[in-house]
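User: Hi! I'd like to walk through a structure with you, one question at a time. Can you show it to me?

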Amino acid sequence: MDTKLLLVKIITLLYLESKLTDNSNPSTELITAILTHIKLPESYTTNEFGKDPLISLRETARWMLSNTKDVKYDRNEMMQRLRVNCGNDNGLFDSLMSGISADYKEEALKDIIVSYRSALRQYINQSKVKDILKQAYSKCWFQPDSIDWRHFIKELVETVTPYSNLEDVSNGHPSVVSDVMFADTAAVKNVFQRGVNELDTRGIVRFGWQGLNRMFGSSGGARRGEFIVIGALQHNFKSGTTLEMFKSAALYNTPALRDPTKKPLLMRISFENPIELDMTYLYRSLVENETGVYTDPKLIDIDEATRYVVDRLQGTGFHINMCHIDPSDFTYHDLFERIERFEAQGYEVVMLNMDYLPMMSKKGCNQGPAGTEIRDLYRRVRNFCSKRGIITITPHQLSTEAKQLTRIGVDNFVQEIANKGYYDGCRTIDQEVDMEIYQHIVKVNGDSYLTFQRGKHRKSTITPDRDLYFVYKFQEVGTIPDDVLANDNSRKSVGGKTQTEGGGDAWYHGL
């Protein structure tokens, strides 16, 4: 945009905003950002007639910015000031007068202000794109060794994508996932319908443990698009719980797709355990849950195990993908591409189960104080999956501060750490996820119990306090057997009776 026209629009916008009955949202930040981009050549200093009009108009714009939002400008005084600013440039003065001389009613005034703001935003966005491309060009030609060429183009495209619709503002910002005007009753109805569909039992993914399903509240399981993090110390079965949730999602749910023409897919990515280890665990868990008989992994019949796992996990209609990935060079770009590749093959990803996300490379994530990269990784993955309705589950190790609590003998460990940010590497992960589940193994009289406590959960209803904490006992056969289709084996206290046996409330209730 021509510098003269830019200054005309800035001054006109500030003047028109001063005429609003309620000027509580002025364009101060937008205009301040634009003025920093205006670079006048040194030749635009002074001449024999006084200051150059562009310098004078920029000073007027800065003066108007320095005034409070309640200032009301007198039209005649503004005309005098602008006449002096413009000097002999009559065309420039006429342009300013056409903007401030008209009288608008309130609604028309608001519309014209929106129009001016839109034009100025387009200018600042175009300037940002130029800066991005200039920096990329400079890196390519003068710092090529500092570039990770495998991801450079992806990151550049990602950076400029938000500005891809600069001229077509009617379509809105590309980051807007859904938008509805209440005047459009059909659109409002569609929103309600989508919500009802995904809260219907067909749109909920339930798991193998009744205590875990109650932790989700009235939905009784995970909703499409939820991001769930499982926090635990090292060697406290967090990978086991993640894999059990993956297994039970396939066993106890009938696929309910957003697009019925697609094929439902459950994805499992391990950044730690070899796929052979996960496959063996799944086979043992399936067989021991079904037969109640211990399975020696050394005596597994490979052909039988293959047929059994495939038939059981795909029996309800889901397609299953499992992989083991070296996380050292695997970034969120690679993760998104993997999901998009499955989508291009006709799949709709219902669940992404990762063991575990923080191990991935942080290349391309925002830099900053400790924890910034991890939090940004969570944010990017959550936003990507949420738009697609992908349930995302990952464990995350707890910090050394949490471990210290166990050294000093803190009782009710999971209740103590809940909602306090005891995550390794980043204390603010809870701000990016939809649901937190904490778990910890407690040993009493030679028996081992897995305790659970729920932290935050984004949803419209409140889960009863009695369902936020539960306990399961590890068994010699089946590890922690599924009980969703059987008697409720969850407990309210370590060493207490199961719910089916009449176990009462946990010890801490009523305190």
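Analyst: Here's a term to start with: pLDDT is the predictor's confidence in each residue, from 0 to 100. This is a predicted model, so local features need pLDDT of at least 70 and side-chain atom pairs count only at pLDDT 80 or more, while totals for chains, interfaces and linings use all residues. Residues are numbered from 1 along each chain as its sequence is written, and side-chain values use heavy atoms, leaving out hydrogens and water.

User: How many contacts beyond four places in sequence does the model have for residues 166-172?

Analyst: In this stretch, pLDDT stays under 50. A contact here means heavy atoms within 4.5 Å. For residues 166-172, the number of such contacts is eight.

User: Which element has the highest mean pLDDT?

Analyst: Elements are DSSP runs numbered from the N terminus: helices (H or I, at least four residues) and strands (E, at least two). The lowest mean, 50, belongs to strand E1 (residues 46-47). The highest, 98, goes to strand E5 (residues 227-232).

User: Is serine 18 buried or exposed?

Analyst: Serine 18 lies in helix H1 (residues 3-18), and it touches Asn23, Val71, Lys72 and Tyr73, not counting residues up to four places away in sequence. Buried means under 20% relative accessible area, exposed over 50%, and partly exposed in between (1.4 Å probe, protein chains only). Because its relative accessibility is 2%, serine 18 counts as buried.

User: How many bridges join E6 to strand E8?

Analyst: Strand E6 (residues 263-270) has seven of its eight residues buried. Two strands pair if DSSP finds at least two bridges between them. Isoleucine 269 stands opposite methionine 354 in E8. E6 and E8 (residues 347-355) run parallel, and the number of bridges joining them is eight.

User: In E7, what is the bridge partner of methionine 267?

Analyst: E6 also pairs with strand E7 (residues 319-324), in the parallel sense over six bridges. Methionine 267 has its partner in E7, and that partner is asparagine 321.

User: Which residue takes a positive phi in the hairpin of E10 and E11?

Analyst: Strands E10 (residues 435-444) and E11 (residues 447-457) run antiparallel, joined by nine bridges. The hairpin has two residues between the strands, and the one with a positive phi near 50 degrees is asparagine 445.
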